[in-house]
Amino acid sequence: QVQLVESGGGLVQAGDSLRLSCAVSGSTFNSYLMAWFRQAPGREREFVARIRWNSGSTVYADSVKGRFTISRDNAKNTVYLQMNSLKPEDTAVYYCAARLVTSPAYEKWGQGTQVTVSS
């Protein structure tokens, strides 16, 4: 059973940095895409970034490109989201998600971690 557990959220000021972690277990992930999504109050959940586990190739939403970096540590079975130059509009609950490369949708989700950026 695949499990995703996020950590690292918190309250920061605009311009600060924060690193989120997603500990993954229950499978081998070479055939998986790992992603971060976020959901702000009153808004739909939106894609932030994703990484292909075996190759490390990445994709970012335009809103975070150049500020956020997604990475993974194979030895620790952990996916990270390094967030720099944070803005108040980055405030949201951030979710880690996983899907098989061949799957049309993200099947596994973490519980979410709150990120709040004050101005």
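Read from the N terminus, the elements of the protein chain follow the order β-β-β-β-β-β-β-β-β-β-β. In this predicted model, the chain thus shows 11 strands and zero helices.

The overall dimensions come next. The C-alpha trace spans about 40 × 25 × 25 Å along its principal axes. A compact globule of 119 residues would have a radius of gyration near 14 Å, and the value of 13 Å for the protein chain agrees with this. Of the 119 residues, 42% are buried. The chain exposes about 6,100 Å², and carbon and sulfur atoms supply 45% of that area. Contacts also reach across the sequence: among those between residues at least 6 apart, 53% join residues at least 24 apart.

The structure holds six aromatic pairs. In one of them, F37 and W109 are tilted, with 5.0 Å from centre to centre and 55 degrees between the planes. F37 belongs to strand β4 (residues 32-39) and W109 to strand β10 (residues 108-109), so this pair ties together parts that are 72 residues apart in sequence. With a relative accessible area of 11%, F37 is buried because the value falls under 20%. W109, in turn, counts as partly exposed at 31% relative accessibility.

R45 lies over the face of W109, at 4.0 Å from the ring centre, while R99 lies over the face of Y106, at 5.2 Å from the ring centre.

Conventions
Residues numbered from 1 in each chain as written. Predicted model: local features only at pLDDT ≥ 70, side-chain atom pairs only at ≥ 80, totals over all residues. Heavy atoms only, no water. Phe/Tyr/Trp six-rings, centres within 6.5 Å; stacked < 30°, edge-to-face > 60°. Helix = DSSP H or I, 4+ residues; strand = E, 2+ residues; numbered from the N terminus. Buried < 20%, exposed > 50% of the residue type's maximum accessible area, 1.4 Å probe, protein only. Lys NZ or Arg CZ within 6 Å of the ring centre and 35° of its normal. Rg over C-alpha atoms; globule rule 2.2 N^0.38 Å. Contact = heavy atoms within 4.5 Å. Areas by Shrake-Rupley, 256 points an atom, 1.4 Å probe, with all protein chains shown as cover.
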